[in-house]
Amino acid sequence: MDRTASPALQALLAKTGEIVDAVVAPQAGQVDRDGAWPAHSMAAFARAGLTLLPVPQRLGGHGQGLLALTMMTEMIARACPSSALCFGMHCVGTAVIAAKATPWQDERYLRPIAAGRHITTLALSESGTGAHFYLPETQLARSGEHYLVNGTKQFVTNGGQADSYVVSTRASAQDAEAGDFSCLVVDAGTARTEWMAPWEGFGMRGNSSRGLRLDDAPVPVANLLGEDGDQVWYVFEVVAPYFLMAMAGTYLGVAQSALDAADEHLRNRRYAHSGAALRDVEVLQTRYAAMWTAVAKTRALIYEAAARGDAGDPAALPFILACKADAGDTAVQLANDAMTICGGAAYRDNSRVAQMLRDARASHVMSPTTDLLKLWTGRSLLGLPLL
Ligand SMILES: Cc1cc2nc3c(=O)[nH]c(=O)nc-3n(C[C@H](O)[C@H](O)[C@H](O)COP(=O)(O)OP(=O)(O)OC[C@H]3O[C@@H](n4cnc5c(N)ncnc54)[C@H](O)[C@@H]3O)c2cc1C
């Protein structure tokens with residue numbers, strides 16, 4: 001399994017690095033402080049052709065898969081986790097649209113995304129079913145050439161900022177059961193849709209997470225993705241791998257930046273009374289080694305999962321399920337350790353390390369949550385159905 005970046009991916013990573021240094025990093029503190037959607041990051045990614053990452057090459061995209069998404073979100077999150085989350089959710093939404101796009105959907109959505117003119121995102125979660133995002137209660141009813149969509153989505157990343165939203169609903173059939181669900185693309189500004197007040201998160205404060213109310217909102221039948229009711233296929237074949245790898249990359253980036261902060265403080269902090277640097281303290285050397293090892297192990301698991309997913313390896317599932325939970329655990333642990341190592345400077349209200357801890361905590365509640373993923377990993381390894 002090839003876990004190394006191809007020349008095409010290396011070029012994309014080099015471009016990502018330039019944008020991160022020039023545009024993303026300088027405004028990362030402000031994104032967190034103001035809870036501001038990172039429009040500057042998303043515009044720079046679009047200008048540089050990065051937002052077309054998963055669009056098929058035949059439509060002008062890069063046709064890149066999970067390894068690219070993981071490496072790019074990691075790189076962005078080292079500077080600004082909210083930017084990585086917004087970019088990642090756009091890529092997941094794009095991959096869902098691209099999976100079974102009709103020629104009309106190619107022209108309406110994927111070509112504008114390939115041209116850097118369209119941002120999309122995923123709106124699955126609802127307050128009624130919470131972490132069980134695969135059980136939407138939003139209703140779908142056919143009315144001529146439209147579907148009427150009724151329900152309320154919550155926590156939509158890029159909410160109110162994207163050009164379209166991939167929305168999940170119950171299938172339209174009267175006898176549809178919970179779990180028979182459909183996805184369709186809802187354009188921004190669709191009649192009878194309304195954004196709710198911004199959700200002010202403890203971390204990931206720039207992701208513009210909001211609720212979306214749809215009250216008999218008319219959506220063209222042509223916007224249905226795949227077949228009405230066949231979305232369990234999408235959950236496991238597209239949403240899960242793309243979402244889990246985008247988030248694993250994001251939290252790996254947070255973990256790496258916590259390691260970097262600890263490294264910098266250990267090398268630079270010197271005591272007046274002895275002239276010794278903090279890195280001369282044995283217990284901190286040991287703690288730092290454990291942090292470094294955790295990041296290296298998590299990165300190895302994530303790249304392995306991504307490479308197996310890209311290669312279509314039938315044994316990829318437990319790797320993919322495990323890596324977001326593992327990256328979340330590592331990010332929370334390392335941000336916590338960095339706060340200990342960096343002392344009072346880090347414990348200051350809204351320090352950079354404090355932000356890492358707040359951002360890392362989102363990993364455990366974003367569904368599939370850490371507990372659900374560990375459960376599903378065990379079930380998949382034991383040959384049991386996941387749900
Ligand atoms: C920063 C952020 C961004 C988000 N972005 C998006 C987005 O772009 N699109 C989107 O659709 N959603 C998004 N979400 C929503 C997210 O994916 C979850 O649906 C949501 O956070 C679940 O919240 P809840 O409070 O309803 O959880 P609850 O359902 O109340 O769950 C609470 C806890 O109980 C646990 N739990 C519940 N049932 C079980 C079980 N059977 N076994 C084990 N544990 C269980 C859960 O794992 C969780 O830890 C986002 C959330 C966050 C925090």
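1. In the shell around the ligand, helix α11 gives the most, with three residues; helices here (H or I, at least four residues) and strands (E, at least two) are DSSP runs, numbered from the N terminus. This is a predicted model, in which local features need pLDDT of at least 70 and side-chain atom pairs count only at pLDDT 80 or more, while totals for chains, interfaces and linings use all residues. Residues are numbered from 1 along each chain as its sequence is written.

2. The elements that each supply at least two residues of this shell are β1 (122–123), β3 (146–156), α10 (352–365) and α11 (370–381). Of the 24 residues around the ligand, those that come nearest are Ser125, Gly130, Phe155, Thr157 and Thr369, where a residue is near a molecule or strand if its C-beta atom, placed from the backbone, lies within 6 Å of it. Sorted by class, the shell has 14 nonpolar, nine polar and one charged residues, with Ala, Val, Leu, Ile, Met, Phe, Trp, Tyr, Cys and Pro counted as nonpolar, Asp, Glu, Lys and Arg as charged, and the others, Gly among them, as polar.

3. The protein chain is divided into domain 1 (7–114), domain 2 (122–225) and domain 3 (232–381), with bounds that come from an automatic or database domain assignment. Domain 2 and domain 3 each provide at least three residues of the shell around the ligand.

4. Between domain 1 and domain 2, whose C-alpha centres lie 22 Å apart, 19 residues of domain 1 are in contact with 16 residues of domain 2; contact requires that the C-beta atoms of two residues, placed from the backbone, lie within 7 Å. On the side of domain 1 that touches domain 2, α2 (28–34), α5 and α6 (103–114) each supply at least two residues, and the largest share, 10 residues, comes from α5. The residues of this side divide into 13 nonpolar, four polar and two charged.

5. Helix α5 (residues 81–99) is largely enclosed by the rest of the structure, because 18 of its 19 residues are buried. A residue is buried if 20 or more other C-beta atoms lie within 10 Å of its own, exposed if 12 or fewer, and partly exposed in between, with C-beta atoms placed from the backbone.

6. Two strands pair if DSSP finds at least two bridges between them.

7. Strand β2 (residues 139–143) and β3 pair in the antiparallel sense over five bridges, with Ala141 standing opposite Leu148 in β3. These two strands, β2 and β3, form a hairpin with two residues between them, and Gly144 in the turn has a positive phi of about 65 degrees.

8. Some backbone geometry deserves a check, since most residues other than glycine have a negative phi, and most peptide bonds are trans. Phe155, found in strand β3, has a positive phi of about 55 degrees although it is not a glycine, and Phe155 is buried, with 22 other C-beta atoms within 10 Å. Asn350, in the loop between α9 (317–347) and α10, has a positive phi near 60 degrees but is exposed, with 11 other C-beta atoms within 10 Å. The peptide bond from Ser367 to Pro368 is cis, with omega near 0 degrees, and Pro368 lies in the loop between α10 and α11.
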